[in-house]
Amino acid sequence: MDKRIKLLNRLKMQLSGYVYTGHKSRDGWKGELPHYQFVCPIHGLVETYPSGYEQRLECPLCLAERREKRLKVATGETL
């Protein structure tokens with residue numbers, strides 16, 4: 001576990017798989033969304049907001065890699 005996470009949050013992470021880090025806003029957003037930290041098996045500790053109709057927590061780094069891979073396949077670049 002990451003030492004930047006407090007002990008109580010580490011316990012919550014082990015029990016539920018994620019920890020609430022607060023409501024945050026980004027440039028271009030009209031409001032704030034809840035953000036959570038969780039451990040991605042590939043990239044380690046990541047933070048993101050729930051997405052999609054199912055409000056899933058997905059690693060933003062994994063999503064970017066998949067998006068890049070699809071783009072390469074669509075444009076005919078070799079992997």
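**Labels and their cut-offs**

Mentor: Let's start with burial: 18% of the chain's 79 residues count as buried, where buried is under 20% relative accessible area, exposed is over 50%, and partly exposed is in between, with a 1.4 Å probe and protein chains only. Keep in mind that this is a predicted model, where local features need pLDDT of at least 70, side-chain atom pairs count only at pLDDT 80 or more, and totals for chains, interfaces and linings use all residues. Residues are numbered from 1 along each chain as its sequence is written, and side-chain values use heavy atoms, leaving out hydrogens and water.

Trainee: How many helices and strands does the chain have?
Mentor: Two helices and three strands, running α-β-β-β-α from the N terminus on. They are DSSP runs numbered from the N terminus: helices are H or I with at least four residues, strands are E with at least two.

Trainee: What makes the chain more spread out than a compact globule?
Mentor: Its radius of gyration is 15 Å, well over the 12 Å that the globule rule gives for 79 residues, so the chain is more spread out than a compact globule. The radius is taken over C-alpha atoms, and the rule is 2.2 Å times the number of residues to the power 0.38. Along its principal axes, the C-alpha trace spans about 50 × 30 × 25 Å.

Trainee: Why is Thr 48 called buried?
Mentor: Thr 48 has 7% relative accessibility, and the cut-off is under 20%, so buried it is. Thr 48 sits in strand S3, residues 44-48. Not counting residues up to four places away in sequence, Thr 48 touches Pro 34, His 35, Tyr 36, Phe 38, Leu 57, Glu 58 and Pro 60; contact means heavy atoms within 4.5 Å.

Trainee: Which residues make up the largest nonpolar core?
Mentor: Five of them: Phe 38, Cys 40, Val 46, Cys 59 and Cys 62. A nonpolar core is a set of buried Ala, Val, Leu, Ile, Met, Phe, Trp, Tyr and Cys residues joined through side-chain atoms within 4.5 Å. Beyond four places in sequence, the contacts of Phe 38 include Met 13, Tyr 18, Val 46, Thr 48 and Cys 59.

Trainee: How do you know whether Pro 50 is buried or exposed?
Mentor: Its relative accessible area is 15%, under the 20% limit, so Pro 50 is buried. Pro 50 is in the loop between S3 and H2.

Trainee: What is the phi of Gln 55?
Mentor: Positive, about 55°, although Gln 55 is not a glycine. Most residues other than glycine have a negative phi. Gln 55 is in the loop between S3 and helix H2 (60-75).
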